[in-house]
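Hi everyone, thanks for coming. Let me put the model up, and then we'll walk through its two ligand sites together.

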Amino acid sequence: MNPRPPIALTIAGSDPSGGAGIQGDLKTFSALGTYGTAVLTSLTAQSTQGVTGVHVVPADFVRAQLDTLVDDVAVDAAKIGMLASAATIETVLAFLDKRSDAVPVVVLDPVMVSTAGSRLLAEDAVEPMRQLLPYVSLITPNVPEAAVLLDADPAEDLDTMRAQAIALRELGAARVLVKGGHLGGDAHATDLWLDDAGEQLLTGPRVATVNTHGTGCALSSAIAALAPRTGSLLEATRQAKTWLTGTLRAADALHIGHGPGPVHHCHDIWKDENDWKDSDR
Ligand SMILES: Nc1ncnc2c1ncn2[C@@H]1O[C@H](COP(=O)(O)OP(=O)(O)O)[C@@H](O)[C@H]1O
Ligand SMILES: Cc1ncc(COP(=O)(O)O)c(N)n1
């Protein structure tokens, strides 16, 4: 009999279009053979064309969801996505401070703006987001998010991504992955990893598609899904990026909605790209 799969938690907002947020995260967990649990921070009225409304879950009810879950279920790793408000960030920070034993690995995707350009984080929540950095295992900002956290201009080259990763570590983040999807330009999508051991460039082929809705969510939840199996966040990130490239390739076959379509979180990609057999789990 196979051992039970790892258990991952997503703390994020709902995206009814199914590409990003809780829906995309749970699909990612399943695609990677990990059992998914979820705590909702917010509801969005959202399609591939944008966000028309945000309904924030009261912070004390976010805390109630977290406490009730971890009192019962042993979570192996968590991913944090849309936190929406300063009060929710402060609540999640207090939870991680008190219950660090309950969530051994935490990947923070500091969601601020959707691919379609809608604001997903209150303006007064940027400073609380900075305060959260020492409480997480890995932060995965895209280029615009790294710039907002550092109150700097968005990077336009690798040297600036490197300098910003160093600055984010100085704010207390143990590991930083600055994602280079927004840099565009060449045949590669290159992300910059920085931890105590130094820098790694994670490079994958750039897929020519407009269907990138949910890439950041899929990457951070794939890292949380894979970390318990690999035992290394860097190795989990490498494998997550390989899997994500496949979901971007498959996105054109999906192509739903009239805006930038979602990535396709489909299970077979993982088997195709990594030759991972059920019996290996
Ligand atoms: N067109 C693409 N082809 C391949 N990989 C991509 C593409 N766009 C983004 N990525 C990768 O997807 C991940 C998410 O990147 P990014 O788009 O920068 O973040 P976000 O989705 O949070 O805005 C990164 O690993 C990045 O390199
Ligand atoms: C609920 C929710 N969470 C996160 C994102 C960001 O995803 P993306 O930047 O890929 O649109 C989103 N659009 N909706």
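Predicted model: local features only at pLDDT ≥ 70, side-chain atom pairs only at ≥ 80, totals over all residues.

Residues are numbered from 1 along each chain as its sequence is written, chains are lettered from A and ligands numbered from 1 in the order in which they are written, and side-chain values use heavy atoms, with hydrogens and water left out.

Around ligand 2 there are 15 residues, and G13, Q46, T115, H213 and G214 come nearest; near means a heavy atom within 4 Å. Look at the polar contacts (N or O pairs within 3.5 Å): the side chain of Q46 puts an N or O atom 2.8 Å from a ligand 2 nitrogen, and a polar backbone atom of G214 is 2.6 Å from a ligand 2 oxygen.

Now, ligand 1. Which residues are closest there? They are K179, H182, D191, V207 and T215, out of 15 that surround ligand 1. The K179 side chain has an N or O atom 2.8 Å from a ligand 1 oxygen, while backbone N or O atoms of G181 and G216 each lie 2.9 Å from an oxygen of ligand 1. Here β8 (188-195), α7 (215-230) and α8 (233-254) are the elements giving two or more residues to the shell.

Note on methods. Polar contact = N/O pair within 3.5 Å; in protein donor to acceptor, adjacent residues only side chain to side chain. Helix = DSSP H or I, 4+ residues; strand = E, 2+ residues; numbered from the N terminus.
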